[in-house]
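Me: I have a structure to go through with you. Could you walk me through it as I ask?

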Amino acid sequence: MKKYVALIFVLLLVFPAYAGSDDFIGAPVIVGVETIVKTDGRFEYKTNKSHDEVLSFYKDALKGEEHIKFRDWAKSTYIEDDAAREWHSITISKGDKGVTVVIVKDNWSWIISTLILRYIAVFCVLLLLYLGMSISGKIISGSINRAAAKKATG
Amino acid sequence: MTPYEILDMLRGTLSTTGIYNFQWNIVIMWAIGSLFMWLAISKKYEPLLLLPIGFGIFIVNFPLVPLMGVTHGHDQLLRVFYHYGLEWEVIPCVIFLGLGAMTDFGPLIANPKTLLIGAGAQLGVFVTFTGTVLVGFTLKEAASVSIIGGADGPTTIYLTQHLAPQLLGPNALAAYSYMAMVPLIQPPIMRLMTKKNERTIRMKQLRPVSKQEKMLFPLVGAAIIALLVPSVIPLVGMFMFGNLMKESGVVGRLTETAQGSLMNIVTIFLGLSVGATMHADKFLSWKPLFIFSLGIVDFMVCTTGGLLTVRIMNWFLKEKLNPLIGAAGVSAVPMAVRVAQVEGMKYDKTNHLMMHAMGPNLAGLIGSAAAAGMFIAMFD
């Protein structure tokens, strides 16, 4: 009896590992792929399927999920989560010799760095506006002064 | 007729009344609506917005009122205002048109370096974003909540409608409430973040700005924003067009309409529609409460950002800026300008900062629009 209990216990422990093999921190993963890198925060795998097949797999798997956007880039398709899921992005490469998929865990460094970049970008926008205003202001004041000087001499 | 039939008829009649469908949570919403109406009427806190918003909250929270639903396939009254005004993102842009027609960019053109203060004052927007994500808001919701600190009502509404329309009511309400409270929120931070001798800095009188410069500004401004942050050009473009109408001086009637009647009409629709989105079923949750508590922190950090930016700029400038004008970098036109003026005069009665603070104030308006554009670009 003890043997059976132990066997059932082991099976229960092992089973979730198999059941969860088609996802990484909640992000869908195609079954039977070649793992390239797998850490707590990143899962990179390779598959022989074409880019379009992988993309349609993800479109199906994420169908009905809110706050997920698909961005079509030149060298990859980028799937980004704007909600509070555990994963942040899935990048599907575009290539002839197999497709590489990279799943990245949601992380604070991404949020903080994008916020800092955007804050700096606001400065850049206003700095360029400042430059634009200074240059156009100088040109206009110069032309007004020249016209006034001409009037005075003429 | 049998007594049963009479009872049935009575029940049928009763079921069409509000009393029959009464729920207790709507009483809380009546209280919230009444509070904002009281603030508007008795305390004169942003009455143009808080009165219609308060009434919108009040009237929509009665059972069965045909205001925000759909009848026979047609939107009901307030839903029509909401749909065409806010869902279509028309009203915030029209308000920006009116604001542009009312704005004199002279102080900003005369001292364009104050534009950087407007950027610095967006600090709270980005800090709050982090805090909001931390408590479990989605990224889009976080962006819409964080823009409250920019103290610019139409931009808050525009961004929220774009990214997280479910938070429109609380966000707009928090933005306008805290804008009204700028004279209470800002002075302690201004005193904390500046030294006494800095508060008495006298700034050089601003140079006169020619009409040509004023006319060119909206074109240069619109072009630069359109090139760098195209997603926000519906707002900024209308703002600059309103200003061009004013500065050109050739369309007096249009300018007058944009800054007067048109602005008043859309303000009525805006207030009622925003209030009408706050039904008890949607509003009474932890999120609006959190938005309100975080909104004040947002304002405080934005004020700090503006003040710090001036102090940093002063390290490099020969002619120093009075750091008190940094607080005007949060938009809140023109409340923040008045606060800078009043605080400045507390330390030197003859030091008038009003015109100097106008520059950062307008820069804050452009800065918060730019920040909103950054967020839209991030999610679109």
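Reply: Of the 154 residues of chain A, 19% count as buried, where buried takes 20 or more other C-beta atoms within 10 Å of a residue's own, exposed 12 or fewer, and partly exposed lies in between, with C-beta atoms placed from the backbone. This is a predicted model, in which local features need pLDDT of at least 70 and side-chain atom pairs count only at pLDDT 80 or more, while totals for chains, interfaces and linings use all residues. Residues are numbered from 1 along each chain as its sequence is written, and chains are lettered from A and ligands numbered from 1 in the order in which they are written.

Me: How many helices and strands are there in chain A?

Reply: Chain A has three helices and eight strands, which are DSSP runs numbered from the N terminus (helices H or I, at least four residues; strands E, at least two). From the N terminus on, their order is α-β-β-β-β-α-β-β-β-β-α.

Me: And how many residues of chain B are in contact with chain A?

Reply: 34 residues of chain B are in contact with 27 residues of chain A, contact being C-beta atoms, placed from the backbone, within 7 Å.

Me: Which peptide bond is cis?

Reply: The bond from B:Val333 to B:Pro334 is cis, with omega near -10°.

Note on methods:
Contact = placed C-beta atoms within 7 Å.
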